[in-house]
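Let's take a look at the charged side chains in this one. Here is the structure, and a short tour follows.

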Amino acid sequence: MRQLPIIESEPITNPPSTDYERGKWYKRRGYLDKALESFKEAAKSDPTDNTRSGWKEIDLSWLEYGLLSMRMRAFHKSEEAFKTVLHHAGTYAQEALNHWAALLLLQGTTDEVIYEQLLAETNRFPASHAMVGRSLYYIGAYPFASLCFANQENLNPDTCIPYVSCLIMTDQLPEAIELIDSYLHGSKNSQGEQACPRAAERNHLARIRQLCEWKWEGRAPDRFIIMSELLELAHTAISLGMVSVAEELLADCSDHTDYALICFLYYEGYRGLAVSKINQLEALPLQEHGSYSMNVCFIAAESLYDQGKYDEAASLLEQLRRSYPEHTETRFGEAACYLQSALISLSSRLEEQYPSEPARKEIEQYMDSIHAALHVVESTNWHTTWSPAQRRIEGNSLTMSFLN
């Protein structure tokens, strides 16, 4: 008999004392209305002090309130929350602007209108164009993000790579190469001093430049580069929309690189393509050891789960759990499958033609308990998530996921 993995949680009779922590506690258990109320109370309380750190607590509460309202499709409440954080101009202003852009996109607002609305709302910020550019980049509105970055006064590490990425995503490869060269060899910071890119940033830009040259000029990179660098190059290519380049880089290498390619595609938002490549495999690499092998199997299980094939997904996750007991996402995913299957079974019993009233009440009580357990499992974030920009890759809906 299958047993659910043990899911430990705090006693449900002892919620935290502060409004903010209580809100998170309710949210984890699926009491969304109570969570919303707690976050609102926390957001409207006075800051612990009038310093920047005191307001950080308030802004965090507003962010939680806005995100939960967005999930519950109370969009006017979300907008109020994100605007409030933005107007405080504190640590979380950029994050609030990102979420507001995602909210507008979710409501069907065009990229151009989002661009205009966000610029109008941030015109008092010295770095308004850079802020809006980052938010538009976050939601995948690359042409308008590029326009924002082009209008900023100074190029800096926080905007250079997004700006280059936007140029590539809009097929402006020569301009991207020129920007990389300009930044690495002649950029200045806001004080007019020569900028010194960090080593990691410099290496990443060098990889991007190599990919741009290869795609634009048809010059293949050195085939004698080591495997780790080859994989890094392929991953970068996929993150920039150069899927065919990545496929060519890893062609005819090994099963290991085939598995890596599937993972890169899936985690960057090319879900359909990744799953199609899994379906082309002779067998899942259940007996092989390695992070890419395990992740391919986990992706296959996630795909089954998303298709509502909970028994098949549970069977695959059970095998993975036995092979990789330290992988907690596998345990929670398996639990989610069993809970979903139980809900389907109980729902079918409720739909029987003549269930007795006592039986109906008993079934509904069981379902309430399973719903609560499923909320706890889903709050672990065991399932892969994607940014708004990644969700747009295959024309996927940005509708927020609703548990149960």
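Aspartate 181 is partly exposed, with a relative accessible area of 25%. "Partly exposed" sits between buried (under 20% relative accessible area) and exposed (over 50%), using a 1.4 Å probe and protein chains only. This is a predicted model, where local features need pLDDT of at least 70, side-chain atom pairs count only at pLDDT 80 or more, and totals for chains, interfaces and linings use all residues. Residues are numbered from 1 along each chain as its sequence is written, and side-chain values use heavy atoms, with hydrogens and water left out.

So who does aspartate 181 pair with? It forms a salt bridge with arginine 209, with the closest N and O atoms 2.7 Å apart. This pair links distant parts of the chain: aspartate 181 is in helix 10 (residues 173–186) and arginine 209 is in helix 11 (residues 199–217), 28 residues apart. A salt bridge here is a side-chain nitrogen of Lys or Arg within 4 Å of a carboxyl oxygen of Asp or Glu, and helices are DSSP runs (H or I, at least four residues), numbered from the N terminus.Arginine 209 is partly exposed as well, at a relative accessible area of 24%. Arginine 209 also forms a salt bridge with glutamate 213, where the closest N and O atoms are 2.1 Å apart. These two are four residues apart in helix 11, so about one helical turn separates them. Glutamate 213 is buried, with a relative accessible area of 18%. Put together, Asp181, Arg209 and Glu213 are linked in a network of salt bridges.

The structure holds eleven salt bridges. Glutamate 64 is buried, with a relative accessible area of 16%, while lysine 27 is partly exposed at 27%.

| Salt bridge | Closest N and O atoms |
|---|---|
| Aspartate 181 and arginine 209 | 2.7 Å |
| Arginine 209 and glutamate 213 | 2.1 Å |

Last stop: a negative surface patch, formed by Asp252, Asp255, Asp258, Glu282 and Glu288. Residues in a patch have over 30% relative accessible area and no salt bridge, and like charges are joined within 9 Å. Aspartate 258, one of the patch members, is found in helix 14 (residues 255–267) and is partly exposed, with a relative accessible area of 34%.

Key: Patch = residues over 30% accessible without salt bridge, like charges linked within 9 Å, V, L, I, M, F, W, Y side chains within 5 Å. Areas by Shrake-Rupley, 256 points an atom, 1.4 Å probe, with all protein chains shown as cover. Lys, Arg positive; Asp, Glu negative; His and termini not counted. Charge placed at Lys NZ, Arg CZ, Asp CG, Glu CD.
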